[in-house]
Amino acid sequence: MQMKKNEVKGLLAELLAVGVYIAAFYLLTFALMM
Amino acid sequence: MNTFKSKFYSIVIISYYTGFVVLGIAFLTLIPLATSLLLREWNPFFDFLITLAISTTLGLSLILIGRETRENKSFVQWKHGFVVASLSWVILMVLCAIPYALSGHVYSFLDACFDVMSGFTTTGLVLTQDLDHLSLGLNMWRHMLTFIGGQGMIVLALTFLLKETGGAYIFYVGEGKDINLVPNVKGTARIIWKISLIYLLIGTIALWINGILIGLNPLSAFFSGLFIFESAWSTGGFAPYTQNMMFYHSFSYEIITIVFFILGSLNFGLHYAAWSGNKKEIVKNIETQSFFITTFITSALAVIALSKSGVYADAVSMFRRVVYNVLSAHTTTGFNNVYASQFAKEWGDFGILIMVVAMLIGGSACSTAGGFKGLRVAVVFKGVIADIKKLLSSERNVKLFRFHHIKEQILTDGLVKVSALIIICYMVTFTIGMALGAYYGYPLSNAAFEMASVTGNVGLSIGVTTPFMPVGLKVYYIIAMYLGRLEFISVFALIGFIIGGVKKLWIK
């Protein structure tokens, strides 16, 4: 099962998007607790 | 041919395809069978051998009954697809419950069926006892069923076992996944499985390494990583230990699971678009936008409500205990890192209400997640806005309303109506179950929480789901999980098919 370059980029983009999403929610929690 | 077009025409077709699905499950038992053999777990080994023998015999018998389908190259109609999907799920539930029942970890065969349906539908509620001492073979079976249930069992079996897949798209729809990534169904199935297996590899390795770092031995860390990934990706919620995510007691482990259960709750069409170079789809898609808005609102409200009550003192524990569980509920995963009694005693009615709403909304359509689905919520919301705009504008002004989901689409009244109808079906199922829970004597908030978890195929529990709950409630929960996963239409088709058959016989 080989991955094409586009597919690797897509996978990384998805992981990055979810990472940003989690970071945003983490910051949201801090902001709401202040 | 005329003889073939007799009253048994449909039964023969249904039998043929159902036989292949059953045979597919028989093949799958080889995986836990091999696991038990390698780990020298002899009791589970024989349990799986018995299941393999029964499934193979039944599958081959059904194919034999329906062999005329192949000889006559019969055309599969929509009703056949729906009935095969819904009927197969019932047959598979009974077959797959055999290893559970033989293991001695369940009190009754009904409990075994409950756990299998919970796994297939990626719900995650558990009646199996003493999970901490369950064999690795049976654990492999539990998590494999939830993983495969999330991707679609019928499609898997039919696309890989049948040469002719002309009508296979019908089975996709029958199984609650109206998805056509590429024109041919085998291609679509391969794409879905490629995405899932690549993530399986990445997720298992990430959790395996993390498991070793938190002190698990390498073998146990590997199996934990594999099982937890399968549960996270399929938004299932099963875990190999009774304490679920609390067993690992690790923030990093929790973060990794969030990544994969969010990815698992996204539409396969979105994954395919991103992997095909259209990365902007992640931000532009109406479903991801709807998911972001609803998770933002529910998480914020839960944090505000629980910070007022002072249960969680600092932001880190608030994120780990509140935001984690809200996201787990919203993606319909069901991983939990607080005890069921804590939901009941510490979260308060408002906290429970937020969780109920999050669980009912659920993840994306054509993903492994349950609930109404973000797409339907967004379509109905846009439909309401469109109607208000139409009322406020001049009558001669005809305006088209659009939304972006993989491509630009026009918001039609029909689409809004279908989405609203499915949401109503979910709400009716939820309301009846909640009333039933209250009838059996559970507090209304507990009955609502548990029923939202069942209807949305979530798996979080507030303590209602136990082996000692009333049999009527167990049966209703099984039906509700099944209805929620197949999104009603297939099950209605099966009921219609049975009633139609009985009616014909009665008239004759």
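In chain B, α12(B) and α16(B) are roughly parallel to each other. The model is predicted: local features require pLDDT of at least 70, and side-chain atom pairs count only at pLDDT 80 or more, whereas totals for chains, interfaces and linings use all residues. Residues are numbered from 1 along each chain as its sequence is written, while chains are lettered from A and ligands numbered from 1 in the order in which they are written.

**Exercise 1.** Derive the orientation class of α12(B) and α16(B), and state which residues meet.

*Solution.* Step 1: locate helix α12 (residues 251–264) of chain B and helix α16 (residues 315–330) of chain B; helices (H or I, at least four residues) and strands (E, at least two) are DSSP runs, numbered from the N terminus. Step 2: their axes come within 11 Å and cross at roughly 25 degrees (axes are lines fitted to C-alpha atoms, for helices over the stretch in contact, with angles from 0 to 180 degrees between N-to-C directions). Step 3: angles under 35 degrees count as roughly parallel, over 145 as roughly antiparallel, 65 to 115 as roughly perpendicular and the rest as oblique; α12(B) and α16(B) are therefore roughly parallel. Step 4: B:Phe251, B:Glu254, B:Ile258 and B:Phe261 in α12(B) meet B:Arg320, B:Tyr324, B:Leu327 and B:Ser328 in α16(B) (contact: C-beta atoms, placed from the backbone, within 7 Å). Step 5: by class, this contact of α12(B) with α16(B) has five nonpolar, one polar and two charged residues (Ala, Val, Leu, Ile, Met, Phe, Trp, Tyr, Cys and Pro are nonpolar, Asp, Glu, Lys and Arg charged, the others, Gly among them, polar).

**Exercise 2.** Classify the packing of α5(B) against α6(B).

*Solution.* Step 1: the axes of helix α5 (residues 78–103) of chain B and helix α6 (residues 109–120) of chain B come within 8 Å and cross at roughly 120 degrees. Step 2: this makes α5(B) oblique to α6(B). Step 3: by class, the contact of α5(B) with α6(B) has 14 nonpolar, no polar and one charged residues.

**Exercise 3.** Determine the sense in which β1(B) and β2(B) pair, and characterise the turn.

*Solution.* Step 1: strand β1 (residues 402–405) of chain B and strand β2 (residues 407–410) of chain B pair in the antiparallel sense over four bridges (pairing needs at least two DSSP bridges). Step 2: B:His404 has B:Glu408 in β2(B) as its bridge partner. Step 3: β1(B) and β2(B) form a hairpin with one residue between them, and B:Ile406 in the turn has a positive phi of about 70 degrees.

Terms used:
Contact = placed C-beta atoms within 7 Å.
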